[in-house]
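Good morning, colleagues. Please take a moment with the sequence and the structure on the screen, and then I shall go through the chain part by part.

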Amino acid sequence: MSLETELLYTRKYKDGACNLLKPEAFPLYTATAFTANTLSEIKQAYAQGYTYIRTNNPDRDVLASQITALEAPGLEDKDTLVFSSGMASISTTIGSLLKAGDHVICNSRIYGETFDVFGKMFSRFGIESTLVNMDDIENVKAAIKPNTKMIYAEVCANPTMNLIDIPEFAKLAHENGALLMMDNTFTTAISIKPLTLGADIVISSMTKFMNGHSDAILGCMTASKEIIETVRPMRMLFGTPADPFPCWMMIRGLETLHLRVRKQMYNAAKLAEFFENDPHVIKVNHPSLDSFPQRAIAKKLWSDDEAISGMMSIILNTEDEAKIDKFMAKLQYVHYATTLGGLRTTLNHPCTSSHSHMPDADRRKMGITPGMFRVSVGIEDTQDLINDFKQAFAELD
Ligand SMILES: Cc1ncc(COP(=O)(O)O)c(C=O)c1O
C-alpha cells in the first residue's frame with residue numbers, strides 16, 4: 001500500500017473504541033477514564049483495553065500507528081510512543097534509556113533546548129555528554145569512550161542544515177555498542193526515514209511540519225518494540241503522554257502530510273535556487289544546492305533535490321539592523337514567527353532568539369551571523385513567495 005493510502009486507513013486502536021458506530025473520521029476521546037461493570041471486565045481492560053488517560057487513549061494509539069507506518073515501513077519490530085511535546089519525547093526517551101555513568105556524544109549543531117537536556121538536566125544525574133562537530137565522523141570516533149551508549153544528531157541541524165551520514169554513523173554506533181538517536185523534525189518521514197538507514201531511535205517535534213497547522217504541540221518517538229516497552233512505563237511516571245485533543249488534531253493533520261510537506265520541500269528548493277542567484281543573499285544553506293558544503297552526503301541520503309526539507313537558512317549581504325528591519329517590514333506574506341513547519345512561510349533570526357545567549361564570536365564560528373535568517377517554507381504559490389522576497393530585498397540596497 002502506498003504511503004498516501006496508508007495514512008488515510010491506518011487506524012490501530014484496541015477493540016471496543018468505536019466498533020459499533022463505525023465513524024468515517026476518528027472520534028475524539030477526551031474521557032480521563034473508561035468504565036467497567038465487573039472484575040473480569042476490569043481485568044480485560046488492564047490486559048488489552050483502556051483504563052486511565054495517562055496509560056492509554058484511543059486517539060494516541062491511532063496517531064502512534066500512523067507514525068509507525070510513516071517512519072518504519074516494512075520494519076516489523078518497530079512501534080511508536082506519542083508525547084506531550086517534542087522536548088517530552090527527547091527527555092523521556094533519554095531519561096528512560098540512559099543511567100548514571102553512561103556517556104552520550106551529541107552534535108554541537110543542535111536545537112538549544114535538546115543540548116540543555118544533556119548539559120543542564122541529565123548531567124545532574126551522572127549522564128555525561130560530549131559535544132562534537134559531526135561534520136567530520138573522525139571527531140565522533142575520537143570522542144567514543146567505553147561507556148558511550150548513544151550518538152545523538154538532527155537529520156538537518158538547526159539553523160545551518162548540517163547533515164550526518166546516517167548509515168556510517170549507525171555503523172560506528174553499533175560497532176561500539178551504542179544507539180544512534182536522530183531528530184527528524186526539520187525533514188519528516190516524507191523526506192527521510194532514519195530507521196530504514198540504520199538509526200535506532202527517531203524522534204520528532206510534531207508541533208512543526210507533522211501537524212503543519214501551527215495549532216498543537218506534540219512529540220513522538222519510534223524505535224524497536226524493546227526500546228518502546230522500556231520507555232512506555234517511564235512515560236507514565238514522567239507524566240509526558242500526549243493529551244487526546246492535540247492527538248486528534250494531529251491525526252487529521254497527518255492525513256495530508258505528504259501533500260503539505262512535498263509542496264513545502266519543493267518550494268524550499270525553488271526558493272533556495274532564487275536566493276543563490278540574488279545578490280542580496282551571500283550564503284544559502286540548503287542541501288539541494290551544489291554550493292552546500294555537505295552536498296556529497298546530501299546526494300547519498302536523497303535522490304530528489306526537491307524532496308529534502310522545507311527548512312533553510314540564508315545570510316543577507318548586510319548586518320545593518322535598520323536595513324534588516326525595513327526588509328522585514330516590507331515583506332507582504334512572509335513573516336517572523338518563533339516556530340517552523342507551518343503552512344505559511346516564516347522567518348526566524350537565530351542571533352536574537354535560539355542563539356542569543358552565545359557570544360558573537362562563537363556564533364560566527366558556527367556560521368551564524370546577525371545577517372542570518374532561518375526560513376521555514378510554507379505551501380504558498382512558489383512565484384508569489386519569490387516575488388515577496390524580491391520586492392522586500394530592494395530595502396537592502
Ligand atoms: C529540531 C527540534 N527538535 C525538538 C524541538 C522541541 O519541540 P517542541 O517545541 O514540540 O517541544 C524543536 C523545537 O523547536 C526543534 O526545532
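One definition is needed at the outset: a residue is called buried if 20 or more other C-beta atoms lie within 10 Å of its own, exposed if 12 or fewer, and partly exposed in between. Please also bear in mind that this is a predicted model.

Let us apply that definition at once. Ser 214 lies in the loop between strand 6 and strand 7. Is Ser 214 buried, exposed or partly exposed? Ser 214 has 15 C-beta neighbours inside 10 Å, and therefore counts as partly exposed. Its backbone also deserves a remark, for Ser 214 has a positive phi of about 55 degrees although it is not a glycine.

A second residue may be set beside it. Thr 188 is found in the loop between strand 5 and strand 6. Phi of Thr 188 is near 70 degrees, again a positive value in a residue other than glycine. Thr 188 is buried, because 28 other C-beta atoms lie within 10 Å.

I turn now to the domains. The domain assignment divides the protein chain into domain 1, residues 3–254, and domain 2, residues 257–396. Taken over C-alpha atoms, the centres of domain 1 and domain 2 are separated by 27 Å. Domain 1 gives 30 residues to the contact, and domain 2 gives 35 residues. Which elements give two or more residues to the side of domain 1 that touches domain 2? They are helix 1, residues 3–9, and helix 9, residues 244–254. Helix 1 provides the largest share of that side, with 3 residues. By class, the side of domain 1 that touches domain 2 consists of 13 nonpolar, 12 polar and 5 charged residues.

Next, strand 4, which spans residues 148–154. Of its 7 residues, 6 are buried, so strand 4 is largely enclosed by the rest of the structure. Strand 2, residues 103–107, pairs with strand 4 in the parallel sense over 4 bridges. Within that pairing, Thr 148 in strand 4 is the bridge partner of His 103. Strand 4 also pairs with strand 5, residues 179–183, in the parallel sense, here over 5 bridges. In strand 5, Leu 179 is the bridge partner of Met 150.

The loop between strand 4 and helix 7, residues 166–175, contains Pro 159. The peptide bond from Asn 158 to Pro 159 is cis, with omega near 0 degrees.

Let us stay for a moment with strand 5, where Met 182 lies. Why is Met 182 classed as buried? Met 182 is buried because 27 other C-beta atoms lie within 10 Å. Leaving aside residues up to four places away in sequence, Met 182 touches Ala 153, Glu 154, Val 155, Pro 194, Ala 199 and Val 202.

Helix 8 comes next. Helix 8 covers residues 225–238, 14 residues in number, and reaches 19 Å from its first C-alpha to its last, close to the 20 Å expected at 1.5 Å a residue. Which residues of helix 8 are buried? They are Ile 227, Ile 228, Val 231 and Arg 235. The cover over the buried residues of helix 8 includes strand 1 (78–83), helix 4 (86–97), strand 6 (201–205) and strand 7 (219–224). Just after helix 8, Gly 239 takes a positive phi of about 70 degrees.

A word on the ligand. Of the 13 residues around the ligand, those that come nearest are Ser 85, Gly 86, Met 87, Ser 205 and Thr 207. The shell around the ligand comprises 3 nonpolar, 8 polar and 2 charged residues.

Finally, an open sheet of 5 strands has the order 8-9-12-11-10, with mixed pairing. Its edge strands are strand 8, residues 281–285, and strand 10, residues 335–336, each of which pairs on one side only. Strand 10 and strand 11, residues 346–348, run parallel and are joined by 2 bridges. Tyr 336 stands opposite Leu 347 in strand 11.

Thank you for your attention.

Definitions and conventions: Residues are numbered from 1 along each chain as its sequence is written. This is a predicted model: local features need pLDDT of at least 70, side-chain atom pairs count only at pLDDT 80 or more; totals for chains, interfaces and linings use all residues. The expected span of a helix is 1.5 Å times one less than its number of residues. Two residues are in contact if their C-beta atoms, placed from the backbone, lie within 7 Å. A residue is near a molecule or strand if its C-beta atom, placed from the backbone, lies within 6 Å of it. Ala, Val, Leu, Ile, Met, Phe, Trp, Tyr, Cys and Pro count as nonpolar, Asp, Glu, Lys and Arg as charged, and the others, Gly among them, as polar. Domain bounds come from an automatic or database domain assignment. Two strands pair if DSSP finds at least two bridges between them.
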